[in-house]
Amino acid sequence: MAPKRKRRASPAAKGLAPGEQLKRSALLSDPSWSWVGIEASDTSEITADHLLTTCGFSNRNLHPFCPNKYAPKEENVCKEEKSSVVSKGELEDDVIIISDGEGLQCTKKTCKGNPNCLNYLGQDKWEDEDDVQEEFITAAKLGDNPTLDLREPGLPVGLRNLGATCYANASLQVWYRDLAFRDGVYSCQPSKGLEDKFKDSPIFQLQVTFTALQESTQSVFNPTKLVESLQLRTSEQQDAQEFSKLFMSHLDAEFKKQSIPSVRSLVTDQFQGKQVYGTICETCKYQSERDTDFLEIEINFDNHATLENRTAALLQPESLSGDNQYFCSQCNGLQDATRYTEIRELPPVLHFSLLRFVYDFNTMERKKSKHSISFPYTLDMNKFIGSSDHREKPSLAKDENKYQLRGVLLHKGASAYHGHYEAQIYDVVHKSWFQFNDETVTKIKKLGDKVASKFSKGSNEAESDEKRIPQRKNHNNKKRRRVDDSDDDIAIAESPNKLYTKALPEEINTITSKDAYMLIYTRKESNPQPNSSSNGDADIISSVHAPVPPVQALEVIKSMNQKHEKKCEAYEAKEGAIKVLFRDTRSKVRDICNSWNVSSCSTDSVVLSQQALETWLSKHCIESALARFQDNEPMHDKETLTSDTSSGTPALASISNEDVVCNHGQLDPNKARYMKRVAREAYNKIENNTNCVFNPVLQPSDVCRICTETTFRERLYEIEHPRLVKQFDEVSYVDEASHGYWISKKWVRDWRLQKPKMHVFSEGDPAPDFDEYSSDVMCEHGALTLNMTTRRKISGKASELLKEIYPSWNPISSNEEACVICDALIHISKEDKRELRRCAEEEKAKLKRLHDALTFGLDGSQSPFFTVLPTHFLNGWRKWVDNPTVHTRPGKVDNTPFLCEHEMLAFDPNCPTDLDSTLAIIKSEDWDILETLYETGPRITLTRQQEDELMYKHEIPVCEDCRVKRKSDWDSADIVIRLCGPKNSSTEPDLSLHKALITYSRKAGARQSKRLRQIKELGERRRLRVSKSTTVKEIKVMIQDDFVIPTICQRLSYKDTELQDNTATIKSLGIFANDVIDLREENEVVEIDSDSDAEPARKKRREERGFGGTLLGGTVESLPNSGDNTPSTTPQEKACQVCTYDNPYDALTCNICDTHFV
């Protein structure tokens, strides 16, 4: 029996023992500075070992030298011998308990900040060869891999979308699957003498496109030349039905020029049917008929319609009676009649055009109908052929005129003006259904399966999805499943027992779709079998043979395949060379990483930053290897890793090591957690084998002493400061009666904190009498302040303690008297204050009009004499008379700033914009009173000419040069924005601004009403602070903030000229200080250029040009040359992305919101 194992000992309790005191030095979280205050109390005591300790390079740091996790492990040859040795008293199956105290394991978390651990720098990715090889090849910038464009076996070729050509791509994929039609296209030959021109024709480019879809080795073909030959506009979306009709009409005209009879009648034989429009007179039974051909049957439908019902509705007879009677030629008069439509013949390939785009007479625009329509996989057309009597009889030939669904053209999107066309087509060669979404081709098991675009080449995606779909237990019997998103196309009628079925399309009878646009059916018994052999799709075993392409078109595709094959070979060769280089680089990098660890502090090593090593591993070692490879294989972008052409060797890639270096160019001890110690031998390999150099390269002994001393002082402060605070708290208290010393209460409160706010890193704290705190104890007169709340009394011992720390501090004794001057100022007599108020009231009574001018305007006085007064004096005087004990009485009245150096007026009193906020116009009587109270001069007198006009005469002439200089010589000034009212005109003089500078008025209610009427009639005014560089656009933004008028609705004018250039500045427009800019608010809906108040009708959407101007539109008579590009037409308008307004095409900014066009 095995002996019992001993109970594992409980771990030691954490924390302090009972009665043990906590030492502040134990709180230091960084052991690299544990010697501060213990081994060194001054910077002169810092040794070289202390410097190494700050960065973790000393033996005292106890940083483990972690073994290299990625180095190859040695085989233990004595493993079997050791395993067989068992100690006495132990059994072979005894459990060995390992204590947790045997040392910390090397992890990314525990070794964070360990300079001796190099295990978590990113070298692990070099162990995974596949991942790092892919990254290496990506960094080589070999370009796109042409092998990814290879066609997958069993998957058709897609067509590239050139912008908005999805409608053409979907139609081309449908026509290509019609083998008889493809064979007819292949059979077209050029006329004699027109071989060169034939290569530029659409028929030859169609041959090339079909040949590419059949024989191309690439997964996607670019039909640019076909689009150019048709002169289609690649940026415009077109109607797929219209394209089908026009292109088929063009091809029919080209086919009729061929010599082969079957080709001449290809469109007729393959797609054309016959129908009859007839009328029967109810009186004489006379019957008139008119035959017509059709290429497709157009179907109108409502919601939840079926194809059979809507086809039958087309054939319903119409009764002509009343006002709609028929003129019978036999009866020679109007008679009641019946009008009917009959289908007489059906083509082998039957197209149904679903009229999903309808015209909305309310909006006068086209819109897309989202009505669903159901259509069968197998369609019996026997019940729709012949007369109504014939259709009602049972058909003897049951298999005659039965059609199978072979294609569905889908339009994705909610609008008739934009969207995306896709196609689901059955390929008779591959015998599978495929989803064609331009370049993306996916094999599908059921019509309408959701095909993700990322599976562009996968053929089993639909099948795997089908296996993952769970079954639902509860559902309705006639429930239909939606198989795509909100804009999806088709839903399939399911059986009542299973919602999700694995039935093939042939087993599905009804399909419902909201996006189906065209339906393609083929007659069952007339599957075309051209007499030719297949050259493409060799992997497909089928009884159906694809037509043989013509020689010229096949040569074009073979040449394209050969070029692509050469690209693939060249890419594979270059990729192979890169892989060889990668394996060599990986071997060198792994060798360096396996040997760069240091085993002891005495190992010769260099110090590099962790970020620099990570960057070298992830980037620079790869780029350096590729730079060396560029000597033989030039790369796309060499960046900084260029070759030294003079020496023939690549230049060394410099990697910055600055993130561990201080301003003095040495190792920064405060960045020690980012340092790594690398063996010198391994670093030499980095330079020699990978052509990378770290700058600068430093050794462990290069720790900066200056930075260490700076941090030392701060850490010493963190130790000494709490001790000094504790000593201060023990001796600082003193009672009110005892002697002491005054100190700033704010300073003591901050200084006692564990980390004072006043403290500056690595510097001493400011003394108690520092400028910020001296006013708490001393007044402005140098004596003790009267405010007791800002100072505190401390004991003499506390004062001596602080004197030792701050020798320059001179404390004030508590026995010192408070400032006598401050005491006298506080106790000024009430008589003095009363005297100040009395003087102010006397001046206020004498100059009542000057004081009461709260609003500006005339006071109704008949005196024509006025005087100019500085505004700053007037404002200061008003403040003083309102509160004489707080504000100071103003001094001299000085008008010299209003006179120029020539002793002439620097402003024009009759120009409203010259009367700015620096001057005011007062009555001469008030000036006379001011002369008795203040020192005044010089006097500037103005005489009003007429009572009803604000025009002045002045004895001192105006200096025009100095006036213009005064108005233009400014850095920032005010301008007036006047919001024009309904009756205001920008041509009226700015009387409101002139009146605004009269400095007195009556305060009666009638005056206020007049002011409000002026604002209503003449417009609201506001001042804006601007500079000479302020633009019109910036002014509009400020107006938007002040007037709450959007910039799109603003119309600014200056001197009857509209400001239309938003980039123009105040200086370029010649606007002076205090000038007026008129603002008109325009309705956001009304166009700016319109002077009418009526709102214009909403802009009607411009209809597309369709195929006008293209070869299919009939406006081009000659075929395009091969080198011609699609003709571009310059649009007449362009819409603003901000306000959607249609601007002229050549406009630089929006006419409404001034947004710049890019």
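The following legends describe close-up views of a predicted model.

**View 1. Overall composition of the protein.**
The protein contains 31 helices and 45 strands. Its chain comprises 1158 residues, of which 43% count as buried. Among contacts between residues at least 6 apart in sequence, 73% join residues at least 24 apart.

**View 2. The largest nonpolar core and its contacts around Trp175.**
This core holds 56 residues, and those touching the most other members are Trp175, Phe181, Phe210, Phe243, Phe247 and Phe255. Helix 4 (residues 166-176) supplies the largest share of the core, with 8 residues. At least three residues come from each of two domains, namely domain 1 (146-267 + 549-566) and domain 2 (271-389 + 399-443). With residues up to four places away in sequence left out of the count, Trp175 touches Phe181, Phe210, Phe243, Ser244, Phe247 and Met248. Another core, of 37 residues, lies apart from the largest one; among its members are Ile137, Val598, Val606 and Leu608.

Strand 24 pairs with strand 28 (residues 675-679) in the antiparallel sense, over 5 bridges. Within this pairing, Val678 of strand 28 stands opposite Val606.

**View 3. Strand 33 between two pairing partners.**
Strand 33 (residues 865-870) is mostly covered, 5 of its 6 residues being buried. Its antiparallel pairing with strand 35 (residues 919-923) involves 5 bridges. Strand 33 also pairs with strand 37 (residues 941-944), again in the antiparallel sense, over 3 bridges. Thr867 takes part in both arrangements: Ile922 stands opposite Thr867 in strand 35, and Thr941 stands opposite Thr867 in strand 37.

An open sheet is formed by 5 strands in the order 40-39-43-41-42, with mixed pairing. Strand 40 and strand 42 (1057-1058) each have a single partner strand and stand at the edges, so one side of each lacks a neighbour in the sheet. Strand 42 runs antiparallel to strand 41, to which 2 bridges join it. Here Glu1058 of strand 42 stands opposite Ser1053.

**View 4. Helix 30 and its buried face.**
Helix 30 comprises 12 residues, 1032-1043, and reaches 16 Å from its first C-alpha to its last, close to the 16 Å expected at 1.5 Å a residue. Val1032, Ile1035, Lys1036, Ile1039 and Phe1043 are buried in this helix. Seen down the axis of helix 30, the buried residues fall within an arc of 100° and therefore line one face of the helix. An α-helix has 3.6 residues a turn, so residues three or four places apart point the same way. The buried residues of helix 30 pack against strand 39 (972-979), strand 40 (1020-1027), strand 41 (1050-1054), helix 31 (1066-1069) and strand 43 (1076-1081). Val1044, which follows helix 30, has a positive phi, near 55°.

Terms used. Residues are numbered from 1 along each chain as its sequence is written. This is a predicted model: local features need pLDDT of at least 70, side-chain atom pairs count only at pLDDT 80 or more; totals for chains, interfaces and linings use all residues. Side-chain values use heavy atoms; hydrogens and water are left out. Helices (H or I, at least four residues) and strands (E, at least two) are DSSP runs, numbered from the N terminus. The expected span of a helix is 1.5 Å times one less than its number of residues. Buried means under 20% relative accessible area, exposed over 50%, partly exposed in between (1.4 Å probe, protein chains only). The arc is that of the directions from the helix axis to the C-beta atoms. Contact means heavy atoms within 4.5 Å. A nonpolar core is a set of buried Ala, Val, Leu, Ile, Met, Phe, Trp, Tyr and Cys residues joined through side-chain atoms within 4.5 Å. Domain bounds come from an automatic or database domain assignment. Two strands pair if DSSP finds at least two bridges between them.
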